[in-house]
Structure formats: C-alpha cells, structure tokens
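Morning, everyone. I have one structure to go through today, and I will start with a question about it.

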Amino acid sequence: MKITDTTPAGVDNSGSPAGPDPVVTKTAAPAPRKEPKGEGAALNVFSHGILILWAIMVIMPLLWAVMTSFKTDRAIFTSPWALPDKLHFENWSRAWTEAHMSDYFLNTLLVVGGSLLGTLLFGSMAAYVLARFEFPGNRFLYFLFIGGMSFPIILALVPLFYVMQNMALLNTLHGLILVYIAYSLPFTVFFLTAFFRTLPTSVAEAAFVDGASHTRTFFQVMLPMAKPGLISVGIFNFLGQWNQYLLPTVLNTEPERKVLSQGLVQLAVSQGYKGDWSGLFAGLVMAMLPVLAAYIIFQRQVVAGLTAGAVK
C-alpha cells in the first residue's frame with residue numbers, strides 16, 4: 001500500500017502549526033571614522049615650511065661666513081655670494097698668528113674651562129641641598145638665587161669693578177673665572193634644583209643604610225644620576241660664557257689676557273686701517289667652531305636633560 005503524506009501546509013508533523021522561518025539579522029560593523037585629512041595636511045605643510053625657513057635663516061649666515069673665510073679680500077667685495085676659486089688657508093694661519101687669535105683662544109679655554117667646572121660643582125651642591133633638605137630659610141635662599149637671574153648685570157659693573165680692584169683680582173684670569181661662576185650660579189641652581197627633585201629618594205636612602213655619608217652619597221650616587229641635567233646646564237653655561245663680552249671688557253683690559261670676544265672686536269676695529277677682512281672672517285669661524293662642536297656632540301644629552309625633569 002502506498003502511503004501519501006497529507007499534512008496540510010502550515011502544520012508540522014506533530015500537528016502544531018508551523019511558524020514562519022526564523023530570520024537572522026546581521027548587524028554591519030560600523031565604518032571606521034575618517035579623520036579630516038585636509039586640515040592635518042595643511043598644518044603639517046605649514047609647520048614644515050616654517051622649520052625649513054628657520055633652518056635657512058640660521059644655516060645660511062654660518063655657511064656664508066665659513067665660505068668667506070677662504071676667500072681673498074678682493075673676492076669678498078667683488079663676488080660675495082660666489083664660491084671661492086680656491087681654499088685660502090693662509091687666512092686662517094694669518095688670523096691665528098698675526099692677529100693673536102691663538103693667545104685669545106687659550107685665554108678663553110682657561111677662563112671658560114675653570115668657570116664651567118666651578119659653576120657645575122658649586123651649583124650642583126647648592127641645588128642638591130635646596131632640593132633634598134628642609135631647613136629654615138630654604139625657600140628664601142632658593143628665591144634669592146631666582147632673583148639673581150632677573151638682576152641686570154650691567155647695574156653691577158661699577159661696584160663689581162671696585163670690588164675686583166680692592167681684592168687685586170682686576171685684569172687676572174682667575175678673577176674673571178670667579179666672576180663668571182657668580183654670574184652663572186643663579187640659572188644653574190634654578191635648573192638643577194628642579195632636576196634633583198625628580199630623582200628617586202630610595203637610592204639615597206639605601207646609600208645611607210649602607211653607611212655612606214652625605215658627601216659620599218652626593219658625589220658617588222646622586223651626582224652620577226644627575227648627569228643629563230649637568231650636561232644640559234653645562235652646555236647653556238658654556239655658550240653664555242664663551243660668548244661673554246661685557247664682563248671681560250670691563251674687568252680684563254690687559255692685551256695679553258684678552259679673551260676671544262675681545263680679540264674679535266679688536267680685529268674688527270683694525271679692519272678700518274688694514275682691510276684684512278678675510279682674516280676677520282677666519283677668526284670669526286675659529287670662535288664659532290667650538291660652540292658648534294660642543295652642541296653637535298652633546299645634543300642628545302641636552303634634549304635628555306631638558307625632558308628628564310618633566311616626568312617624575
């Protein structure tokens with residue numbers, strides 16, 4: 001016998017009405033939000049254009065001075081923007097010997113080297129005490145150093161001259177070193193105090209537990225940890241002391257003890273009578289090269305020192 005399925009439509013085999021087929025709905029993933037490209041691209045182009053313009057304004061005078069130092073006097077005036085026909089190294093030798101740039105360079109190295117070491121030593125010691133120890137007058141001394149940053153040095157030239165004269169330090173290199181140290185201490189203490197506050201205290205406490213004295217803890221533990229800050233403030237002090245002109249002009253008038261800034265001015269004044277412009281540019285580049293070399297060598301440490309105090 002043949003069996004035929006006679007189940008009515010809409011009813012399943014169990015006899016209950018069959019419902020509609022379930023509908024599966026799929027939710028589409030939201031499209032990623034697109035940032036407006038026009039505004040960001042325009043800002044990027046504008047910022048890069050400003051940086052390129054600033055780089056050209058800074059680098060071009062330096063390159064022109066270096067290029068001019070290898071020219072003859074005639075070529076400087078006839079074709080100031082052209083490249084030199086050949087490198088005239090005699091300009092450099094003449095500036096080094098006849099213009100006494102070697103003596104000025106040596107005096108500057110002695111003064112800046114001694115003052116830089118003294119500034120970093122005394123400034124770091126004062127900053128460490130102000131940052132780590134609480135005592136009556138702590139904030140007063142700190143703000144006293146800050147006040148020294150805002151005091152114009154030109155107002156102290158006359159009394160400073162007579163103080164140096166009474167102490168027999170006038171026209172001496174060691175007297176100029178002491179003046180440079182006093183001039184640079186306010187900024188150094190201000191900079192390093194904020195830096196020492198960011199250093200962890202647990203390291204110093206561990207050194208005290210091991211029996212280290214305050215002096216040993218400072219020189220062997222805290223000072224090496226503050227190396228990025230010392231390099232940064234050392235570069236800034238080096239730039240300021242190397243290019244210092246006002247203080248040596250007032251306090252150092254002996255010709256054999258003049259520094260580079262005084263020597264360059266004297267060389268520039270004498271050009272009205274001798275016309276040795278190529279020697280002048282050679283001396284200018286000589287004075288400029290140590291500053292550029294110091295910044296190029298320590299540029300990473302300078303950036304690290306400036307940003308290290310921002311994060312505790």
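How are H4 and H9 oriented to each other: roughly parallel or roughly perpendicular? Before I answer, note that this is a predicted model.

To the two helices, then. Helix H4 covers residues 101-132 and helix H9 covers residues 214-225. They pack at an angle of about 95°, and their axes are 12 Å apart. Angles from 65 to 115 degrees count as roughly perpendicular, and H4 and H9 are therefore roughly perpendicular to each other.

Which residues make the contact? On H4 they are Leu121, Ser124, Met125, Tyr128 and Arg132. On H9 they are Thr217, Phe218, Phe219, Met222 and Leu223. Sorted by class, this contact has 7 nonpolar, 2 polar and 1 charged residues.

Now the whole protein. There are 14 helices and 0 strands. Of the 312 residues, 35% count as buried. If you take contacts between residues at least 6 apart in sequence, 72% of them join residues at least 24 apart.

Last, confidence. The mean pLDDT of the protein is 83, and 82% of the residues reach 70 or more. Among the elements, H4 has the highest mean pLDDT, at 94. The lowest, 67, belongs to helix H14, residues 299-308. Over residues 1-17 the pLDDT is below 50, and beyond near neighbours in sequence that stretch has 8 contacts in the model.

That is what I have. Any questions can go to the discussion.

Note on methods. Residues numbered from 1 in each chain as written. Predicted model: local features only at pLDDT ≥ 70, side-chain atom pairs only at ≥ 80, totals over all residues. Heavy atoms only, no water. Helix = DSSP H or I, 4+ residues; strand = E, 2+ residues; numbered from the N terminus. Buried < 20%, exposed > 50% of the residue type's maximum accessible area, 1.4 Å probe, protein only. Contact = heavy atoms within 4.5 Å. Axes fitted to C-alpha atoms, helices over the stretch in contact; angles between N-to-C directions. Parallel < 35°, antiparallel > 145°, perpendicular 65-115°, else oblique. Nonpolar A, V, L, I, M, F, W, Y, C, P; charged D, E, K, R; others polar. pLDDT = per-residue confidence, 0-100.
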